[in-house]
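Here's a quick briefing to read with the model open beside you.

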Amino acid sequence: MAHILIIDDEAGIRDTLAMIFEYEQHQVSTAESGIEGLRMAGASEVPIDCILLDVKMPGMDGLDVLEKLKEARPEVPVIMISGHGTIETAVEATKRGAFDFVEKPPDRQRLLLLVRNATEKKQLVSENRIMRERLKGKERMLGTSAAMRNIRAIIDRVAPTEARILITGENGTGKELVARAVHRASKRSDLPFVEVNCAAIPKDLIESELFGHEKGSFTGALTQRIGKFEQADHGTLFLDEVGDMSVDAQAKMLRVIEEGRLERVGSSTGRPIPVNVRILAATNKNLQEEIRQGRFREDLYHRLNVIPIFVPPLRERRDDIPLLVRAFGEEFSGEMNRKPVRFDEAAMKLLIRLPFTGNIRELRNVIERIVILVPGDTVRVEDVEKLGLAFSNTPMQRAGGQPTEAQNSDASADTSFDKIRIDEVEGERFSLLGDNEHPLDYAMQAPTFQEFKDRAEKIYIEEKLREHNWNISRTAEALDIQRSHLYTKMRKYNLMKAAAAAGAAIPPSEAPTDTPEADIIDEDDDVI
């Protein structure tokens, strides 16, 4: 059902159109002038899905109203209607953003089809916008620490330029997010962003991947292949883990950077292909040490390192952890269609003090694990101990390294209860598969990932049913699913007998087969 606004100065036309759409179960609002229509479009409590607008009206002309509507509500499709339609008017209306143009009296079937197409287009545009916003949310750099503010300031300065950037930092610190932020803020933001993971490509295929190859250039080259450089033409090429690139590929890379031209592997034309790309590179290696060891070309290093950006490890910006925890918690809760989890103060303090040698990537995995496996809406320190520390074999400081001055200060000053708990848990190497009984132990013993998900889901649903005293309606509402869907899950996980034993309302069609008929409670009563 759509909400349709009809703007026409003729009462007969308004009433006729309203009857047509109301018969089809649409919600209809009407306005007798352009000014009233603009007011209703801007003030409607129910979102408007489509507008039918007359061209010829006293006061403000329909085309002028259309222009103002597109300024105020560009996402709402507008269908123009007129009893004096001309090709010129239709063309002008289309130029100003009208979805379509129909003449009076409109054909009922054509009008309904137009409105259906218009509302479907609006829905697709809205879904696309939401997906883009979610994607941007996942790609944004989170953090308010001094280090993150400094990185954003550098990006603001260098993104509009064509300067090459070398992003360094440990694994999992978010180097790719920095590269994408540079691309979004650059003049090439509407053009391709092409990523190449140099560490994931075999050395004998890296040149083909980057520069492309001709058919028959080597065994297995059955067709011509366009390389990443050509795919990123006029856009941005992100070379991730560039320190793992072979020396031979480095030499060709240097030549392409210097000349702005390339030749595909196996090319015999002698005519290089011009390419215009901005190169962003990232590595977790110390390239200066790689140069001393003869594994990286010094001239390529200087070509790439025009603007250096260092992304610090998470342990050097612990102030950002609460913000990251909340963001990841909301993200994964949304994906599971559950209420956002809340971390109590002790749990958050413990997360802030964890080593996270895998940096943001490890923190993200921990939060996802917690959101999936913790049955309630509040995450407590015990949950972090089980699901955060239980899977970490790393000590509080990086092996073989020296703690920073800040870490030494924290260690000497931190004699809190939480610190004691960390030491105890790390000393015990706590495991969900050990002697400590916990409902999730059963899930962790699953032989496959699918079996693990099924077991964890059963635990979660059963916990929610117990939390709501086996009230099916309230449990389904808390889970944000329909009761029929909850019944399906309960049948799948053999929870019907337990529900009946607890006095839950199970309709005859859903009752377990071996449950006596007298024990089945009417569906209208949720709990005895």
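Aspartate 377 counts as partly exposed, at 23% relative accessibility (buried is under 20% relative accessible area, exposed is over 50%, partly exposed is in between; 1.4 Å probe, protein chains only). Keep in mind that this is a predicted model: local features need pLDDT of at least 70, side-chain atom pairs count only at pLDDT 80 or more, and totals for chains, interfaces and linings use all residues. Residues are numbered from 1 along each chain as its sequence is written, and side-chain values use heavy atoms, with hydrogens and water left out.

**Salt bridges**

- Aspartate 377 pairs with arginine 338 in a salt bridge, with 3.6 Å between the closest N and O atoms (a side-chain nitrogen of Lys or Arg within 4 Å of a carboxyl oxygen of Asp or Glu).
- Arginine 338 sits in the loop between α13 and β13 (342-343), while aspartate 377 is in the loop between α15 and β14 (378-379), 39 residues apart.
- Arginine 338 is buried, at 8% relative accessibility.
- Another network of shared partners takes in Asp8, Glu10, Asp54 and Lys104.
- Glutamate 214 and arginine 264 also form a salt bridge, at 3.1 Å from N to O.
- Glutamate 214 is in the loop between α8 (206-211) and α9 (228-231) and arginine 264 in the loop between β9 (261-262) and β10 (273-274), so this pair ties together parts 50 residues apart in sequence.
- Both partners are buried: glutamate 214 has a relative accessible area of 19%, and arginine 264 comes in at 13%.
- Across the whole structure, a search turns up 34 salt bridges.

**Nonpolar cores**

- The largest nonpolar core holds 33 residues, and Phe343, Leu351, Leu363 and Ile367 have the most contacts inside it (a core is a set of buried Ala, Val, Leu, Ile, Met, Phe, Trp, Tyr and Cys residues joined through side-chain atoms within 4.5 Å).
- Elements giving two or more residues to this core include α13 (321-335), α15 (359-373) and α20 (449-467), and the largest share, 7 residues, comes from α15.
- Beyond its neighbours within four places in sequence, leucine 351 is in contact with several residues, among them Ile321, Phe356 and Val384 (contact means heavy atoms within 4.5 Å).
- A second, separate core has 30 residues, including Leu239 and Met253.

**Overall picture**

- The protein has 23 helices and 14 strands (DSSP runs numbered from the N terminus: H or I of at least four residues, E of at least two).
- Of its 528 residues, 45% are buried.
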